[in-house]
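Me: I would like to go through some of the terms used for a protein model, one at a time. Please set each value against its definition.

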Amino acid sequence: MNDDSQGDAMTVTPRRPTEDAGQALRVVVLGGTGFLGRPICRALADQGHAVVAVARNPKTIGPGVVVRALDLAAADVDEITAVLRDLDPDVVINTAGGMWGLSEAQMLAVNVTLVERLTEAAARLPRRARVVQIGSVHEYGLVPVDTSMSEQMTPAPVMPYGEFKLRCTAAITEADRQGRIEGVTLRVGNVIGAGQPGHSLLGVVASRLHDAQRSGERARLELAPLGSRRDFIGISDVVAAVLLAVTRPDAAGRVINIGRGVASSARDMVRLLIDVSGVPTDLVEAESTGPAETNWQRLDVGLAAEVLGWSPSDDLHTEMKQLWEHAGAEVPA
């Protein structure tokens, strides 16, 4: 994107977050070219906000979105501060981070270290910015079957990723408590949609189905046990929740669950993807040996309705179809 287009995109007068989504804000999206970041940037631009996506590998996102290069995992506090001071945001949304295909050290860097540096950098700005952090259902850890995970529960993560995301939530919450930032954490379920990470279960399945489709052969999927029940949510619902978290005043200082409030099996999700693909498939699943309590997630999303005015849709079929079509478009000819 050329310099002229960057200048045009940033001429909007900055305003503080309010319930009026029609007021234009300056919004910086960290990890803005990624799975969640890209659709969030597009949706913000569609609402008339001035949007800058910050990412290690700049990619064109679309009209109204400026892309700025920065290796967030390697950047120190001073570098992040310099970028934020230059962009003067009303809101910073952190969609950077991840777990798929990363070592523990890498997960620590792109999650905890980044968020700790971000909160420090945002606190140095001349006016207090809202920071929206994308958290994870994995922060809660194990709960008994049929339990709904509410924000009042004491988190007890059992995997490194969950521990790291919980530390991120703690950093955002503490910085908000101290008045250094206006912090919001959205604790998100298992997201489904276009651009699904290739290392995820559905990303792997989509790749194998496309391989079979190109070869004209029947697919054979040999997978680990799929009986675990998780709170799966479409990426469009997550984007809608993020946009509300940007503008709703009552969201400040909150940790808010974003999920469907439904525990669906991984098997059902894989079968839905197979059905959407139309690829003849043999699904071979290993037997489960773990206790049922390790295989259950269901988020209580009542607070999201109360504070954000948000509720999930029930249309995972459309999200899965978009996942399938996007995965096919990315396969080299």
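Reply: Leaving aside neighbours within four places in sequence, S265 is in contact (heavy atoms within 4.5 Å) with L226, G227, S228, R229 and F232. This is a predicted model, in which local features need pLDDT of at least 70 and side-chain atom pairs count only at pLDDT 80 or more, while totals for chains, interfaces and linings use all residues. Residues are numbered from 1 along each chain as its sequence is written, and side-chain values use heavy atoms, with hydrogens and water left out.

Me: Why is S265 called buried?

Reply: Buried means under 20% relative accessible area, exposed over 50%, and partly exposed in between (1.4 Å probe, protein chains only). S265 has 3% relative accessibility, so S265 counts as buried.

Me: What makes the place of S265 a strand?

Reply: Helices (H or I, at least four residues) and strands (E, at least two) are DSSP runs, numbered from the N terminus. S265 lies in strand 12, residues 264-265.

Me: Which backbone nitrogen does the side chain of S265 reach?

Reply: That of D268, at 2.9 Å. A polar contact is a pair of N or O atoms within 3.5 Å; within protein, one must be able to donate a hydrogen and the other to accept it, and residues adjacent in sequence count only if both atoms are side-chain atoms.

Me: How do you know that the buried residues of helix 3 are on the same side?

Reply: The buried residues of helix 3 (residues 77-87) are V77, I80, T81, V83, L84 and L87. They cover an arc (of the directions from the helix axis to the C-beta atoms) of only 165° around the axis, which puts them on the same side of helix 3. D78 and D86, on the other side, are exposed.

Me: What do the buried residues of helix 3 pack against?

Reply: Among their partners are strand 1 (26-30), strand 2 (50-55) and helix 4 (104-123).

Me: Over which residues does pLDDT stay under 50?

Reply: Over residues 1-15. pLDDT is the predictor's confidence in each residue, from 0 to 100. Where pLDDT is low, the predicted coordinates should not be read in detail. The protein averages a pLDDT of 90.
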